Amino acid sequence: MVERTPDIGSFLKNSLRISLSGGIVWLSFYDAMNGKMNNDEFGVMVKITMKAPLIQKAFGGKNPFNKEYQKKKVEKDKIENSISDSEFNWKTETIPGRDEDEYSTNYHQCGLCALGRQEHHEDLIPYMCEMDFISVELMGGVLHRKGTIATGSKICDFYVCKNGSKWDV
């Protein structure tokens with residue numbers, strides 16, 4: 001699977017390579033189970049992985065609820081979007097909030113969806129989308145969204161607010 005999947009840039013230049021790599025590991029494990037894992041069990045595996053101490057430490061160290069972080073994320077999106085035109089790269093747009101306790105991110109392209117198509121596991125990708133809620137929670141936020149590309153929406157729309165803020169309704 002690694003050999004079939006195009007490179008989307010180094011970990012240092014494209015943070016979403018971590019998500020793509022995680023998807024490869026999860027789908028490889030699913031395939032290795034040779035029919036002994038159902039889709040719901042796949043979803044549980046994703047959630048358990050995201051709650052591992054290593055992952056908690058990685059996301060728990062981030063604080064997206066300040067204007068400087070949000071400004072840097074807008075610039076980082078531009079760089080990551082330009083690294084690769086591959087369908088396996090995400091096309092991301094971060095929109096700073098009305099104050100530091102909220103922001104939005106729209107994903108116009110999803111590398112995990114491309115991976116799912118490549119591996120004929122489109123049905124498993126929505127289970128991976130659940131990691132978004134967990135990662136935002138680990139950063140002290142709440143994720144609200146109307147849809148994902150994996151479930152047929154045109155974009156993955158993230159509205160993120162700080163847990164307990166005036167926007168957390």
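Let's start in the loop between α1 (17-32) and α2 (39-50), where we find N34. Helices here are DSSP runs of H or I with at least four residues, strands are runs of E with at least two, and both are numbered from the N terminus. N34 is not a glycine, yet its phi is positive, about 50 degrees. Most residues other than glycine have a negative phi. N34 is also exposed, with a relative accessible area of 67%. On that scale, buried means under 20%, exposed means over 50%, and partly exposed is in between, using a 1.4 Å probe and protein chains only.

Before going on, a word on where this comes from. This is a predicted model, in which local features need pLDDT of at least 70 and side-chain atom pairs count only at pLDDT 80 or more, while totals for chains, interfaces and linings use all residues. Residues are numbered from 1 along each chain as its sequence is written, and side-chain values use heavy atoms, with hydrogens and water left out.

Now, a second residue for you: H120, in the loop between α5 (111-119) and α6. H120 is not a glycine either, and its phi is positive at about 60 degrees. Is H120 buried or exposed? It counts as exposed, at 64% relative accessibility.

Let's step back to the whole chain. You can count six helices and four strands, and along the sequence they run α-α-α-α-β-β-α-α-β-β. The radius of gyration is 16 Å, close to the 15 Å from the globule rule for 169 residues, so the chain is as compact as a globular protein of that length. That radius is taken over C-alpha atoms, and the rule is 2.2 Å times the number of residues to the power 0.38. Along the principal axes, the C-alpha atoms fill a box of roughly 50 × 30 × 30 Å. Of the 169 residues, 43% are buried.

What about contacts, meaning heavy atoms within 4.5 Å? Taking those between residues at least 6 apart in sequence, 55% join residues at least 24 apart.

N39 counts as partly exposed, at 21% relative accessibility. Which residues does N39 contact, once neighbours within four places in sequence are left aside? They are Y30, D123, L124 and Y127.

Next comes G116, in helix α5. G116 is buried, with a relative accessible area of 0%. Not counting residues up to four places away in sequence, G116 touches H121, E122 and I125. The C-alpha atoms of G116 and P126, ten residues apart along the chain, are separated by 9.8 Å.

My last stop is D132, in helix α6 (residues 125-138). D132 is buried, at 18% relative accessible area. Beyond its neighbours within four places in sequence, D132 is in contact with L143, R145 and F158. With R145 there is also a polar contact between the two side chains, at 2.7 Å. A polar contact is a pair of N or O atoms within 3.5 Å; within protein, one must be able to donate a hydrogen and the other to accept it, and residues adjacent in sequence count only if both atoms are side-chain atoms.

Key: Contact = heavy atoms within 4.5 Å.
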